[in-house]
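Look at the sequence and the fold below. We start from the inside and work out to the whole chain.

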Amino acid sequence: MTPPSPSVTSTVFELPGFLPQFVAGNRSRAIVCGVDPHEYDRVTGGLGTLHDWLPAFRRVGEAYRAAGERYAAGGHVVSAGDAFRTAARWLHCATFPPLAEHTRTIAAAREADAAMGRAFGYLDPEAVRIEGEGFAGWLRRPVDSARPVRVVLVVPGLNSGKEEFHAVDEALLRRGVATFSYDGPGQGVLVDGAPRADHHRVAGRVIDALATRADLDTSAGVGLVGMSLGGFHAILTAAHEPRVAATVAVSGPYRLDWAELPVFVRETLTVRAGGAGAAEEFARRVDLAGIAARIGTPLRVVEGGDDVTPGVLSAERAGHEAARGEVLVVPHGDHLLCNAQSEWLPETADWLADRLG
C-alpha cells in the first residue's frame, strides 16, 4: 500500500549548495554498495540539480540491465549475473533522495529488487526468496555446506535496502554463516509502506519463517546485524526476542530528536512515513532508554567517530548499558563506516561468527 502524499513539499532539492554536499556525502556509501567510484564521479558530475539524481542513476541501472540481457542471450552467465547485480545497485542508489513524487522511488526500488533476483539466478542459484507479512528478502547459504548452518538477519536502515549490504553478507558467508538480508516496511521493495518503530515484531515473523527450514540451525538462536536505523531495529529486537543469540548495530541511533534533525533526515522520514505528523511520531518512538539494559545476549555497537548528526544520539550508549555489550569506535569512520570498512567488518564478522558457534 502506498503511503499518503507527504503533507509538506521536499525543500532539500532547492537548498543552495546541497547537491555537491549530497554527492560527497553519499560517495562512500555508493562505493561500498558496489558502485564503481569513477562511474559515480562521472554520473554525479553531470547532474545539474538534485532532481536529476534519480533519472540519471536509473538510466545507468537500465543500461546494465540491458547488458545483462545481452550477456544472457549469448550464454555468458557470469557476465550476465555481474551486470544484473550492478544494475540493482545503481537502481537502489537512485532511491536515496527524498522525492515527494514517491511513486518514482517505488518504481526504482522494485526494479532494483527484480534485477538482484536476476543476478542471483546466475551468481548464486541456491539463494532462496522468502516473503511474509511485512518482509521480503534473500536467504543465502555458505558454499558447499551440506549440514544445517546458523543464520544472521541483515537489517537495513531508513532509506536503504537489502541490495546495499552485500559486503556484510559475503563476510559472513565466507565464515560459514548463512544470511537473510531483507526489506521491512518502508524499505527497499516494500518502500510503498510506512516504516515501523516496532520492527521487532517484523523480525519475529522473519525468525518464525527461518525456523521452519531444515537447512538452517536456529535451535540456539539467530544473529542480527542492523545498519543505520536498522541498528535501532536490531537492538530493539534483541531486547524483545529471546531467539536472538548475538547482535551487531552499526551507526544506529539511540534516540532521535525531531526538532534537531537535519532537513534532509526530516524530509526523508516525512516522505517514507507518509506525512510530517507520522514522521514526527515515528521519530519520537525511536528511543532505546530502558531497552538496552534488558538485553542479556552479546551486543556489539560499531560507531564512526566522524558520524555526527544533529538530533541523533548514537547507539554507543546502548553498548554501555547492555550487560554483555561492547563498543567499537573507529575515530575517522563516517556513517556506516563506509570509508573504513576494513577496520570494522572483518573483526566484527569474526565476533559474530564466534558467538554463533
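## The nonpolar cores

In this predicted model, the largest nonpolar core holds 48 residues. Those with the most contacts inside this core are Val-151, Leu-153, Phe-180, Tyr-182, Leu-210, Ile-235 and Leu-269. Helix α8, residues 229–240, gives the core its largest share: seven residues. A second core is separate and has 27 residues. Among them are Val-154, Phe-165, Val-302 and Leu-345.

## Around Val-151

Which residues does Val-151 touch, leaving aside its neighbours within four places in sequence? Its contacts include Leu-139, Val-177, Ala-178, Thr-179 and Phe-180. Leu-210, Leu-216, Thr-218, Val-222, Gly-223 and Leu-356 are also in contact with Val-151.

## The whole fold

The protein has 12 helices and 10 strands. Its C-alpha trace spans about 55 × 50 × 40 Å along the principal axes. The radius of gyration is 19 Å, which agrees with a compact globule, because 357 residues packed that way would give a value near 21 Å.

Take the contacts between residues at least 6 apart in sequence: 74% of them join residues at least 24 apart. Of the 357 residues, 57% are buried.

## Surface and charge

The protein exposes about 14,100 Å². Carbon and sulfur atoms supply 52% of that area.

There are 35 positive and 44 negative side chains. The centres of these two sets lie 3 Å apart.

How values were computed: Residues are numbered from 1 along each chain as its sequence is written. This is a predicted model: local features need pLDDT of at least 70, side-chain atom pairs count only at pLDDT 80 or more; totals for chains, interfaces and linings use all residues. Side-chain values use heavy atoms; hydrogens and water are left out. Helices (H or I, at least four residues) and strands (E, at least two) are DSSP runs, numbered from the N terminus. The radius of gyration is taken over C-alpha atoms; the globule rule is 2.2 Å times the number of residues to the power 0.38. Buried means under 20% relative accessible area, exposed over 50%, partly exposed in between (1.4 Å probe, protein chains only). Contact means heavy atoms within 4.5 Å. Accessible areas come from the Shrake-Rupley method with a 1.4 Å probe; for residues, only the protein chains shown count as cover. Lys and Arg count as positive and Asp and Glu as negative; His and the chain ends are not counted. The place of a charge is taken as NZ of Lys, CZ of Arg, CG of Asp or CD of Glu. A nonpolar core is a set of buried Ala, Val, Leu, Ile, Met, Phe, Trp, Tyr and Cys residues joined through side-chain atoms within 4.5 Å.
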